[in-house]
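Please keep the sequence and the 3D view at hand while going through the points.

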Amino acid sequence: MIVSASYRTDIPAFYADWFQARLAEGACEVRNPYGGKPYRVSLAAPDCDGFVFWTRNAAPFSAAFDEVAAKGLPFVVQVSLTGYPRPLDAHTPRPDAAAAQIRDLARRFGPRAVVWRYDPILFTSLTRPAGHRETVARLARALAGSVDECVVSTAQIYRKTRRRLDRAAEIHEFDWRDPDIGEKIALLGDLKPILAKFGIKMTVCSQPDLENAGFEPAACVDAARLTDVAGRPVAARIKGNRPGCRCAESRDIGAYDSCAHGCVYCYAVSDHAKAAARVATGSPDHRVHAVNDAPVSES
């Protein structure tokens with residue numbers, strides 16, 4: 001089984017110590033976010049075939065990457081880098097620093113081990129289409145040779161996303177909108193050749209309307225990429241978690257409401273203060289600590 005760490009939170013940025021402790025013990029307990037008993041996820045071979053890490057700040061996880069590699073477990077790091085202004089991304093690394101992290105990961109583990117994500121694409125008065133084109137060109141130039149794929153998506157405006165965007169727009173005096181599909185297709189049509197100029201393929205994450213316009217779908221949990229990194233077969237069936245998702249089957253070990261980056265469009269956090277408090281506990285889910293045969297902690 002491939003382990004995802006994690007599309008629910010940023011484990012590399014905030015929970016490196018927790019992960020290293022779980023890795024040393026060979027397993028972790030994860031609470032089902034939709035109810036039910038916690039379940040055990042193996043972090044050791046042969047049960048664990050490899051990892052997909054999701055992050056906006058890989059630096060705190062540097063030693064953990066080495067430990068995973070030392071165990072012979074392949075991994076891919078999905079790094080989100082958009083360069084958005086602070087009213088949208090309050091606490092993420094600045095673009096130059098994040099780009100340097102990506103280059104360092106590629107140098108240490110190979111360019112197939114890291115994927116750049118320019119998502120979600122927001123249409124605001126702070127991030128206009130021309131700004132997206134300029135930013136993608138600048139970042140692609142900085143990342144050329146270090147990545148071969150850029151995953152994009154346009155923002156999904158969930159109810160809590162709308163509330164947070166409206167509140168931030170009022171405080172910081174910007175406008176935002178969710179344009180029609182034609183405008184989204186036009187922008188992606190501009191971004192694709194910009195990326196290709198630097199040897200980077202553009203793929204689209206879980207958005208069938210955009211895929212139907214001729215853009216290649218992404219497989220963010222990608223057994224083929226893990227196979228390339230491992231130098232041996234990593235097999236997993238395709239089992240997406242929403243319409244249009246081409247991800248391989250995986251187990252996620254994160255928890256919602258536990259990422260403190262403060263991105264106003266985030267689908268995984270309903271309250272930033274609650275998430276920051278969770279980070280202070282040192283665990284993505286402070287209720288779940290057990291990784292052996294002892295009872296699961298409910299502290």
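R251 counts as partly exposed, with a relative accessibility of 36%. This residue sits in strand β11, which covers residues 250-252. The model is predicted, and the chain averages a pLDDT of 93.

**Surroundings of R251**
- Beyond its neighbours within four places in sequence, R251 is in contact with M1, I2, V3, S4, Y39, R40 and V41.
- Between R251 and I238 there are 13 Å in space, C-alpha to C-alpha, and the two are 13 residues apart in sequence.

**T154, a buried residue**
- Strand β8 spans residues 149-154 and contains T154.
- T154 has a relative accessible area of 3% and is therefore buried, since buried means under 20%.
- Residues up to four places away in sequence aside, T154 touches P120, I121 and F123, and also K184, L188, Q207 and L210.

**Nonpolar cores**
- The largest nonpolar core is made up of 73 residues.
- Inside this core, the residues with the most contacts are F19, F51, F53, W116, Y118, I121 and I253.
- F19 is in contact with I11, F51, F53, F61, A64, V68 and I253, leaving aside neighbours within four places in sequence.
- In soluble globular proteins, nonpolar side chains tend to be buried together.

**Helices α5 and α7**
- Helix α5 takes in residues 129-143 and helix α7 residues 181-197; their axes come within 10 Å.
- The two axes cross at roughly 25°, and α5 and α7 are therefore roughly parallel to each other, as angles under 35 degrees count as such.
- The crossing of α5 and α7 is right-handed.
- On the α5 side the residues that meet the other helix are P129, H132, R133, V136, A137 and A140.
- Their counterparts in α7 are E183, L187, D190, L191, I194 and L195.

**Confidence in the model**
- A pLDDT of at least 70 is reached by 95% of the residues.
- Over residues 290-299 the pLDDT is below 50, and this stretch has 27 contacts in the model beyond near neighbours in sequence.
- Where pLDDT is low, the predicted coordinates should not be read in detail.

Terms used. Residues are numbered from 1 along each chain as its sequence is written. This is a predicted model: local features need pLDDT of at least 70, side-chain atom pairs count only at pLDDT 80 or more; totals for chains, interfaces and linings use all residues. Side-chain values use heavy atoms; hydrogens and water are left out. pLDDT is the predictor's confidence in each residue, from 0 to 100. Contact means heavy atoms within 4.5 Å. A nonpolar core is a set of buried Ala, Val, Leu, Ile, Met, Phe, Trp, Tyr and Cys residues joined through side-chain atoms within 4.5 Å. Buried means under 20% relative accessible area, exposed over 50%, partly exposed in between (1.4 Å probe, protein chains only). Axes are lines fitted to C-alpha atoms, for helices over the stretch in contact, and angles run from 0 to 180 degrees between N-to-C directions. Helices (H or I, at least four residues) and strands (E, at least two) are DSSP runs, numbered from the N terminus. Angles under 35 degrees count as roughly parallel, over 145 as roughly antiparallel, 65 to 115 as roughly perpendicular and the rest as oblique. A crossing is left-handed if the near helix is turned anticlockwise from the far one by less than a right angle, and right-handed if clockwise.
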